[in-house]
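Here's a quick briefing on one model, covering a cavity lining and some strand pairing. Have a look at the structure first.

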Amino acid sequence: MRRQVLLFISVLSFSAVFGQVSYSVPEEMAKGSFVGNVAQDLGLDVKRLRSGNGRVYSGDREYVELNTERGVLLVKERIDREALCGDTSPCALHFQIVLENPMEFYSVTVEIIDINDNAPSFEKAEIKFIISESAAVGAKFDLERAADLDVGMNTVQTYVLIPSGHFLLKLQNHADGTNNVEMILQKPLDREKNEFISLVLTAVDGGEPQMSGTMQILITVLDANDNAPVFTQPIYKAAVTENSAKGTVVTAVSASDADQGLNGKIAYYITNTMDEVRQIFEVNEENGEVSLIGRIDYEKKRHFQINVRARDNGGLTDSCKVMVDVIDMNDNEPIIKIMSKSAVISESANPNTVVTMINIQDPDAAENGKVQCFMNDNIPFHLKLNTNNFYSLVTDSELDRERASEYNITVSCSDEGVPSLSSSVTLTLQISDVNDNAPVFERSSYEAYIV
C-alpha cells in the first residue's frame, strides 16, 4: 500500500485551527484497514482527540472513520472506486475532522487508487457484418469498443483479431484518451470461396494480473457495394441547456454514399456501449438528427461524447463523434450545512469566540454557484469567511445576559444567478449567566421614627 501525507496548518485569530492532510490507499480494502495516523501527521495529542469529541464530517456517506483511541483513520466500509468516481481520475474522498472545546477543523483527502478488478467486456457477444466481395482493399469497418470500469493501465490497452488472413486490426488513438477500433480489409474477398468468415476480437487490459474479454465477428460476403458512407466532418460540436425538454434536437449529422439505390441508403446509429449516452440521446436513423430522450443535469455530467455510425445496406460504415457541452442553469439553491454549533455561550465570552461552523455548497457553476451569506442586524455576532465555502459565526462584541438572554440568529445565503436563489437557517443561542453584578440598594439612605 502506498501512503502519501501532505500537511498544512494555520492558526486563525478566533482560536479555530485549520489543517490539511492527504493519504493514498487502494480500493477494495477490508473494513478496519489502516488509512493513516492522522494524530501524528497533524501533530495532535490522542488525548485531545478524545477530549475534543473528534469526529469525521463528510456531509455525505462516510467511508472512513476516526479511531480516537489510537488517533488513526480506518476504512469504515468497502470502497469501490468505480462506483464512487466512475471514469473520473484521480478519485478521492474529501472530508473534515472536527474537534470542540476549542473548535478545530482539519481537511483530509484520501485518494482511492485503482486496482485491476474489472475485466474488459463487450456489450454484445457477437456482431454481424454483410460485406460486398467488391469491397476495396483498405476498406474500414468500425468495431465495437470494449468497456473496462478500471482506469489508467488497468483499463483496455490493446486489441487482438484472430485469424488475421483477410483483415488487419487498426487502433486510432485520440487526444482525449479514447480510441476507435477498426477492421481494415487487407486481402480481397471472394464470395465463391468464402461466403462466411468468423473472427474473434479480444480486448486486453494492462493490469496485474492481465484480464481480457472477447467478441465474435460474423461476416457474410455479398456482391456489389463498393463505396462506404462518408461523414461531412469527423467531429460535430453542439451545446444544450440542462433540463431541456425531451425531444429537443441537439444537432444533426450527415453522411453521403456514392452508391445508388439500396446500396447508397444510409442508416445512423449511436454506438456508445457501457455509458449512459443511449439513455439520454437518440439519433434518427433516416435524417441523422440527434435529440434528447432523457434528462441532462449539468451538476452530474457536463460533457457527452456520442459515437455515431453511418452504415449502408452493404455493411460499409463510417463513424464520427458528436461532442455535446451542457450549459448550466441556476437550478440549485445554496445548501447550508451546520458542521458544529454551540447551544449555550457564557456572557463572559471574549470577542471572536467561535459559536458555529457552517459549510455552504451550491453545485451550480460560474456565477450561478457563487454564494454570498449574511445575517440579521443588531446582534453581537458576525460571519467570518475561513476558507472557500466555510464560514464561522463568531461573537462581535461583549455579551450581557441581563440585556438579552437568548438570540435567534438567521443566516441567509444567496447565489449570483439570474434569478437568484437563496436559502436560510435560524440558530437559537442561549446566553449563560456569570456573577458580574453586585447588589444595589434602591436608595442611598433610609429614615424611620420611633415613639
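The lining of the largest cavity has no nonpolar residues, 2 polar ones and 4 charged ones (Ala, Val, Leu, Ile, Met, Phe, Trp, Tyr, Cys and Pro count as nonpolar, Asp, Glu, Lys and Arg as charged, and the others, Gly among them, as polar). Keep in mind that this is a predicted model: local features need pLDDT of at least 70, side-chain atom pairs count only at pLDDT 80 or more, and totals for chains, interfaces and linings use all residues. Residues are numbered from 1 along each chain as its sequence is written, and side-chain values use heavy atoms, with hydrogens and water left out.

**The cavity**
- The count comes to 1 cavity of 30 Å³ or more (on a 1 Å grid over the protein atoms alone, a cavity is a set of points where a 1.4 Å probe fits but cannot get out, and lining residues have an atom within 4 Å of a point).
- The largest cavity has a volume of about 40 Å³, where volume is the space filled by probe spheres set on the points, with grid points joined across faces, edges and corners.
- Its lining is made up of Lys140, Asp142, Glu182, Thr317, Asp318 and Ser319.
- Strand S10 (140-143) and strand S24 (317-327) are the elements giving two or more residues to that lining (strands are DSSP runs of E, at least two residues, numbered from the N terminus).
- S24 gives the most, with 3 residues.

**Strand S27 and its partners**
- In strand S27 (residues 354-361), 7 of the 8 residues are buried, so the strand is largely enclosed by the rest of the structure (buried means under 20% relative accessible area, with a 1.4 Å probe and protein chains only).
- Strand S25 (residues 335-341) runs antiparallel to S27, joined to it by 6 bridges (two strands pair if DSSP finds at least two bridges between them).
- S27 also pairs with strand S30 (residues 390-395), again antiparallel, over 5 bridges.
- Isoleucine 358 is the bridge partner in S27 of isoleucine 338, and the bridge partner of isoleucine 358 in S30 is tyrosine 391.

- S18 and strand S22 (residues 289-292) are joined by 3 bridges and run antiparallel, with alanine 252 opposite glutamate 289 in S22.

Methods: Buried < 20%, exposed > 50% of the residue type's maximum accessible area, 1.4 Å probe, protein only. Helix = DSSP H or I, 4+ residues; strand = E, 2+ residues; numbered from the N terminus. 1 Å grid on protein atoms, 1.4 Å probe; cavity = no way out; pocket = protein on both sides within 12 Å on 5 of 7 lines; lining within 4 Å.
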